[in-house]
Amino acid sequence: MLVGGRWVSTDETRPVDNPATGDVLTEVPEAGPEHLEETLAVAYKAQKDWGRRTYAERADVLAAVIDTVEEHAEELAQIVVAEQGKTITEARGEIGGVKAFFDFALTQKYRNVGEVVASSAANRQLMVREEPIGIVAAIIPWNFPAAIFARKVAPALMAGNAIVLKPSELTPLSALAMAKVCEKAGVPAGLVSVLTGGGRSIGKALVEHPLVGMVTVTGSTRAGREILAQAAHKVIPVSLELGGKAPVIVFDDADLDLAVQEAFESRFWNCGQVCTCNERTYVQRGVHDEFVRRLLEKVNGLVVGDPLDEGSQIGPKVSQAEWDKVKAFVDGAVDAGARLETGGGRPEDLADDKGFWFAPTVLTGVSNEMDIVQQEVFGPVLPIIPFDTYDEVVEYANSTDYGLTAYAYTEDFRTALSLTEDLEFGEVYINQTGPEQVQGFHTGWKMSGLGGDDGQHGFERYTRKKTVYLDYRRGS
Ligand SMILES: NC(=O)C1=CN([C@@H]2O[C@H](COP(=O)(O)OP(=O)(O)OC[C@H]3O[C@@H](n4cnc5c(N)ncnc54)[C@H](OP(=O)(O)O)[C@@H]3O)[C@@H](O)[C@H]2O)C=CC1
Ligand SMILES: O=C(O)[C@@H](O)[C@@H]1OC[C@H](O)[C@H]1O
C-alpha cells in the first residue's frame with residue numbers, strides 16, 4: 001500500500017479473491033495506526049505546497065495522469081476483471097470512465113474561484129474566496145474500483161487537496177494500480193495515499209483522524225450511516241453516494257423496443273452491481289405480457305462466462321457473500337408468491353464451477369411490498385410489477401427508502417414532464433438509460449446519499465469558502 005509516498009508491505013495481510021475462479025488472487029497489506037499517522041503527516045505537508053499551486057499548474061499534472069492511464073489502460077482493465085469479475089469489455093469501459101473523471105477535473109483549469117461582493121462602505125472590498133479543504137478521506141466500494149478512485153481523486157487534487165483512499169477489502173488492487181499511475185505521472189509524493197484493510201478498522205480510524213477535513217464515501221447505505229456517525233463529532237463535511245433501488249417505468253405508449261432493450265441493459269450491466277441499475281421494472285398492464293416476452297428473449301440469450309473471454313456478457317458476482325444475499329432475495333420472492341420466469345441461482349452449465357456465477361433472473365407476479373422490490377438486490381435479478389394508472393406507479397416508485405436514479409419510458413410529453421416533478425430521486429432519465437455523465441451531478445435523495453459527485457456541484461464539495469473584508473482607505 002502507498003503510505004505517504006512510500007510503498008509499504010506488512011507481515012499481516014488479507015487475501016484478494018478472483019470471483020471467476022473462487023481462488024485467492026493475491027494478498028495485500030493490512031494498514032495499522034502507524035501507517036495512518038505517517039500517511040497523514042506527509043499528506044499534511046505535501047498539501048500545503050500543492051494548495052498554493054495554481055489551477056493551471058495542477059491541471060498539467062492531472063493531464064499527465066490521463067496520458068499515463070491511457071498508456072496502461074489494458075493492464076488496468078485486466079486488474080479490474082481479476083479482482084471484481086466484470087467482463088473485459090465492461091472493464092475497458094470503466095477505464096474510459098477513469099479518464100472521463102480526470103478530464104472533467106481538467107475543465108476547472110480556468111475556474112471562477114470566488115466573487116467580489118458590493119461593500120456597504122467606501123474604499124472597502126468584500127470577497128468570498130474558494131479554497132482547498134486540506135486532506136480528504138475517500139472510502140470507496142468494489143463495483144467500480146478504478147472509476148470511483150478517479151471520481152474522488154481527480155476533483156480532490158484539482159481543488160488543491162491531498163487525498164487518502166481506503167478501497168473495499170474486496171478490490172484493493174485497482175486503487176493500488178491507480179496510485180502507481182498517479183505516482184508515475186508526477187503527482188507529488190504524499191498527495192495520494194492508499195491504505196488497504198477493513199472499513200470498520202482502518203477506514204473508521206481514517207474518518208475519525210483529526211487531520212482529515214472532509215470525507216467522501218461511495219458504498220452501501222449501511223456503511224454511509226456508520227461513517228456519517230463516525231465523522232459527526234469532528235463537524236466536517238461528508239459526501240455520501242449510497243445504495244440505489246432504481247425503478248424503470250414503462251407506460252402503454254412507450255417505444256417498447258427501446259424500453260425493453262434499455263431495461264435489459266440497465267439491469268444486467270456489471271452483473272447488476274451498479275448503484276444506478278434497474279432494480280425493479282413497472283410495466284403498464286396493456287403492454288406487460290409483450291414486454292415480458294421480449295425481455296425474456298434477450299435475457300435467455302445472455303452469455304455468462306469467463307470475464308476475460310471477449311464473448312462473455314456477464315461475469316460472476318463479486319463474492320460468495322454477495323451471491324448468497326442475491327439468492328436469498330430470489331428465494332424469498334418465490335416463497336412470497338412471485339413466479340420465476342428464468343434463472344434463480346447458479347447457471348446449470350456452471351453448477352460445479354467455483355466462481356460466484358449467478359444466472360440472469362426474471363421474476364413476474366411480483367407485488368410492490370415484497371422485499372425484492374423494496375430492498376437493494378445489487379445483482380442480475382429483475383422483478384417486474386404491473387401497474388394501471390400514473391398515480392399508482394408514481395406511488396410505487398417513490399415507496400422505497402432510496403432515491404438515487406429513476407427511469408421512465410413514455411411518448412406523452414405531459415406524462416414525461418410530470419414525472420420529472422413527481423419522482424423523488426436525485427437523477428431522473430426519460431426515454432434513455434444511463435450511465436450518468438461526468439458533468440452532471442450524481443446525487444442521491446433519501447437513504448441514497450448526501451451531497452453528491454461530479455459536475456460543478458460535486459467539484460465544489462472539495463472546496464471551502466473564505467470571506468475577506470479589505471479596507472484600503474488611504475490614511476485617515
Ligand atoms: N450510490 C452510489 O454511487 C453507489 C452505491 N453503492 C452501494 O454500495 C454497496 C456495494 O458496495 P460495498 O463496497 O459492498 O459497500 P460497503 O458499504 O460494504 O463498503 C463500501 C466501503 O465502505 C467501507 N466501510 C464499510 N463500513 C465502514 C465504516 N464503518 N467505516 C469506514 N469504512 C467503512 C468498506 O470497507 P470494507 O472493505 O471493509 O468493506 C468499503 O470500502 C451496494 O449497496 C451499492 O448500491 C456502490 C457503488 C456506488
Ligand atoms: O457508483 C456507481 O455504481 C455508478 O455511479 C457508476 O460508478 C462509476 C460509473 O461511472 C458509474 O456509472
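I took helices (H or I, at least four residues) and strands (E, at least two) as DSSP runs, numbered from the N terminus, and I counted two strands as paired if DSSP finds at least two bridges between them. This is a predicted model, in which local features need pLDDT of at least 70 and side-chain atom pairs count only at pLDDT 80 or more, while totals for chains, interfaces and linings use all residues. Residues are numbered from 1 along each chain as its sequence is written, chains are lettered from A and ligands numbered from 1 in the order in which they are written, and side-chain values use heavy atoms, with hydrogens and water left out.

I looked up an open sheet of three strands in the order 5-6-22, and found its pairing to be antiparallel. Strand 5 (114–117) and strand 22 (463–471) are at the edges with a single partner strand each, so one side of each has no neighbour in the sheet. From one strand to the next the twist averages 20°, with axes being lines fitted to C-alpha atoms, for helices over the stretch in contact, and angles running from 0 to 180 degrees between N-to-C directions. Strand 5 and strand 6 (residues 124–132) run antiparallel and are joined by four bridges, and I noted V116 opposite M127 in strand 6.

Most residues other than glycine have a negative phi, and most peptide bonds are trans. N123, in the loop between strand 5 and strand 6, has a positive phi of about 55° although it is not a glycine. I also found that the peptide bond from G434 to P435 is cis, with omega near 0°, and that P435 is in the loop between strand 19 (427–430) and strand 20 (445–446).

Which residues are the closest to ligand 1? I found 31 residues around ligand 1, the closest being W142, E169, S220, L242 and E376, where a residue is near a molecule or strand if one of its heavy atoms lies within 4 Å of it. For polar contacts I used pairs of N or O atoms within 3.5 Å; within protein, one must be able to donate a hydrogen and the other to accept it, and residues adjacent in sequence count only if both atoms are side-chain atoms. An oxygen atom of ligand 1 lies 2.5 Å from a polar side-chain atom of W142, and for K166 the corresponding side-chain distance to an oxygen atom of ligand 1 is 2.8 Å. G219 brings a backbone N or O atom to 3.2 Å from an oxygen atom of ligand 1. The protein covers 93% of the 890 Å² of accessible area that ligand 1 has on its own (Shrake-Rupley method with a 1.4 Å probe; for residues, only the protein chains shown count as cover). Helix 8 gives five residues, the largest share of this shell. Domain 1 (2–242 + 448–468) and domain 2 (246–430) both contribute to the shell, so ligand 1 lies between them; the bounds come from an automatic or database domain assignment.

The residues around ligand 2 include F101, F144, W269 and P435. An oxygen atom of ligand 2 is 2.9 Å from a polar side-chain atom of N143, and for the side chain of R151 the distance from an N or O atom to an oxygen atom of ligand 2 is also 2.9 Å. Ligand 2 also lies between domain 1 and domain 2, because both give residues to its shell.
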